[in-house]
Amino acid sequence: MNLSRRSLLLGAVQGAGLLLLSGCEKAFNSLQQNRKFLSLLESAEGANQHLQRLLTGKNKLAQEFTEQDISRYFKPNGNPPPITMDYTADAAKQWPAWRLEISGSVKQPARFSLPELRSMPSRTQITRHDCVEGWSAIAKWKGVPLTEIMQRVQPTPEAKYAVFHCMDTDDSGAHYYESIDFLDAHHPQTILAYEMNDRALPIEHGAPLRLRIETQLGYKHAKYIRKIDFVASYENIAAGKGGYWEDQGYEWYAGI
Amino acid sequence: MTNLVYRHNPITRTTHWLNALALVILVMSGFQIFNAHPHLYWGSTSEPDQAFLSIAAANDDGEVRGFFRIYGWQFDTTGVLGVQNTEMGPAPRAFPSWLTIPGYFWLAGGRRWHFFFAWIFALNGLLYVIYNIANGHMRKFLFTAKDAARMPAMALYYFRIRKASPQEGEYNPLQKMAYTSVFFALTPLIILSGMAMSPQLNTAFHWLPAMFGGRQSARSIHFILTFLFVGFTFGHVFMVLMTGVLNNMRSIVTGWYKEKGSDFPEPVWLQGFKEEMIQKPARVSVSHQLPAPEPEEIGPAQKTHQGRADAPQQDSGIPKSATNDAQISPENSQQTLPIHKNEAKKDIVE
């Protein structure tokens, strides 16, 4: 008799639990769609950005690893490489036609060829790449520090962000783009990389030029860069959140 | 006879429930985040063939099967882990939709919930700890070397092998061990291992991922610690159910705990367990020099209890308990002794 009562009790608890769980799932999902609730959740982003930057201070270097630490496998994530005729033809000839265009709020707009970028002072770093999905991979990157470019083009005082316009697109044809503020733009490890593991940057990792921004997660590291715009605000670009993934709900501040 | 004692201050009660909410959301949104890459590794990086734990889907002769794999040990978990059966057929998914926030696959959403409630969890915990250190409550369940020595005896008592409880004070050695390790080991470690995954914090604090053995190790430890929290919570809820669920719930909702025999009905299957404890002297703590009176002598004890019933009128708001009274005034100890009914109850409460 005790046993049957117990199993009855357990059955009731189990049933109630399942009902509760499916009810919770619906409640959580509808909250996820609620604009006001979402903006409440999003308030954590600013808090994280301010606290983390306060704790770390300026220009602290991300850990640099040794050759032995380089990952055997580095997942090429994100959009597939651009498939336009221009891109593939230029890639086959080692980028004679490609130029890095610098525009926006700068005193000296400029266009740099790959050999020009290679002739500038460079930085080589073996760093860990952390994807928002959760995986990490270590690679050796060589490129020109973004500050070198900024010294040459001289952003005007109203410029607050560097926006990276990319050649890759998603299924719907939307171009990838990213933005970073000047604190990260001036970071010594923020480089425009043209080499990975002592070889020309592979197509799947963003050839001919990609961003390395070691203070933030992988989706900030724009690949297939064609243009850098210096702007006061990114509100008028695409959906206005400052990046391709940001426009879909990911944090602009990806330091966490 | 209703003898209510004021056991939980408002800060404790509020932070307890906020913490419960935050923990549930952190675990479920954490599972959402885990689903984006349902593999765990040791070290700094994640070589695909080096995962020690995976919850994933595999194609088994045209049939999608979910599996849980740990160090090469693989279990078919189709329907719960790895593959969830949905209205549109089996869907690859590490943790099922009813265990994640949001219920559909959306990493960005999971991150939003996780990082917001991480703040709630941390600030709420900080408020609780500071307030209860300041008012002296924390000291009552701080685990000491003396408690460590009493742990085996307490475990024997829990398993009803030993008749006398080695408890002194409001919390028994195992409770102290559980609470102290949750507050001062588990909580700091889960916060630090979470922070160790932040690339921004890693720039200034290389030791942060290093103390866990690398960023991927920090991620794995963060995941494992989650299950220690889940385990603690299940143990906690089990104890609440076993020791008078309505009375316990009242004390954590309103602050008032009924010390003497409860008016609330309890499950029949619990009664044999309880009767055993009521009939036999359950405590040695305060009174080892005194002869143990018969358990039936409840008369003088009631006086003490009525005295204690004054506690609610005090403005201090500090919880009082039978044991404390007894310790403060040894002459009362003889009176408190016979109340095995209450004491047996108290020993395993919370």
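**View 1. Helices H3 and H4 of chain B cross.** Here helix H3 (residues 145-158) of chain B packs against helix H4 (residues 173-195) of chain B at an angle of about 115°, and their axes are 7 Å apart. The contact uses B:Asp147, B:Arg150, B:Met151, B:Met154, B:Ala155 and B:Tyr158 from H3(B), plus B:Pro173, B:Leu174, B:Lys176 and B:Met177 from H4(B). Sorted by class, the contact of H3(B) with H4(B) has seven nonpolar, no polar and three charged residues.

Some ground rules for this and the other views. This is a predicted model, and local features need pLDDT of at least 70 while side-chain atom pairs count only at pLDDT 80 or more; totals for chains, interfaces and linings use all residues. Residues are numbered from 1 along each chain as its sequence is written, chains are lettered from A and ligands numbered from 1 in the order in which they are written. Helices (H or I, at least four residues) and strands (E, at least two) are DSSP runs, numbered from the N terminus. Axes are lines fitted to C-alpha atoms, for helices over the stretch in contact, and angles run from 0 to 180 degrees between N-to-C directions. "In contact" means that the C-beta atoms of two residues, placed from the backbone, lie within 7 Å. For the classes, Ala, Val, Leu, Ile, Met, Phe, Trp, Tyr, Cys and Pro are nonpolar, Asp, Glu, Lys and Arg are charged, and the others, Gly among them, are polar.

**View 2. Chain B meets chain A.** In this view, 35 residues of chain B are in contact with 44 residues of chain A. On the chain B side, helix H2 (107-134), helix H5 (199-204), helix H7 (215-242) and helix H9 (268-279) are the elements that give two or more residues. H2(B) gives the largest share of that side, eight residues. The class count for the side of chain B that touches chain A is 18 nonpolar, 13 polar and four charged residues.

**View 3. An antiparallel sheet in chain B.** Four strands line up as E2-E3-E4-E5 in an open sheet of chain B, with antiparallel pairing (two strands pair if DSSP finds at least two bridges between them). Strand E2 (39-40) and strand E5 (73-76) of chain B sit at the edges with a single partner strand each, so one side of each has no neighbour in the sheet. Strands E3 (residues 53-60) and E4 (residues 63-70) of chain B are joined by eight bridges.

**View 4. The mixed sheet of chain A.** This open sheet has five strands in the order E2-E1-E10-E5-E6 of chain A, and the pairing is mixed. Strand E2 (110-112) and E6 of chain A are the edge strands with a single partner strand each, so one side of each is left without a neighbour in the sheet. From one strand to the next, the twist averages 20°. E5(A) and E6(A) run antiparallel and are joined by six bridges, and A:Val163 has A:Ser179 in E6(A) as its bridge partner.

**View 5. The nonpolar core of chain A.** The largest nonpolar core has 48 residues, of which A:Ala162, A:Phe164, A:Cys166, A:Leu192 and A:Ile225 touch the most other members. Such a core is a set of buried Ala, Val, Leu, Ile, Met, Phe, Trp, Tyr and Cys residues joined through C-beta atoms within 7 Å. "Buried" means 20 or more other C-beta atoms within 10 Å of a residue's own, with C-beta atoms placed from the backbone. Elements that each supply at least two residues of this core include helix H5 (146-153), strand E5 (161-169) and strand E10 (225-231) of chain A. E5(A) brings the largest share, six residues. Leaving out residues up to four places away in sequence, A:Ala162 touches A:Leu146, A:Ser179, A:Ile180, A:Ala185, A:Ile228 and A:Phe230.

**View 6. Strand E4 of chain A and its partners.** Nine of the ten residues of E4(A) are buried, so the rest of the structure largely encloses this strand. E4(A) pairs with strand E3 (residues 123-130) of chain A in the antiparallel sense over eight bridges, and A:Arg128 stands opposite A:Ile138 in E4(A). The hairpin of E3(A) and E4(A) has five residues between the strands, and A:Gly134 in the turn has a positive phi of about 130°. E4(A) also pairs with E7(A) in the antiparallel sense, over five bridges; there, A:Val144 stands opposite A:Leu192 in E7(A).

Conventions: A residue is buried if 20 or more other C-beta atoms lie within 10 Å of its own, exposed if 12 or fewer, and partly exposed in between; C-beta atoms are placed from the backbone.
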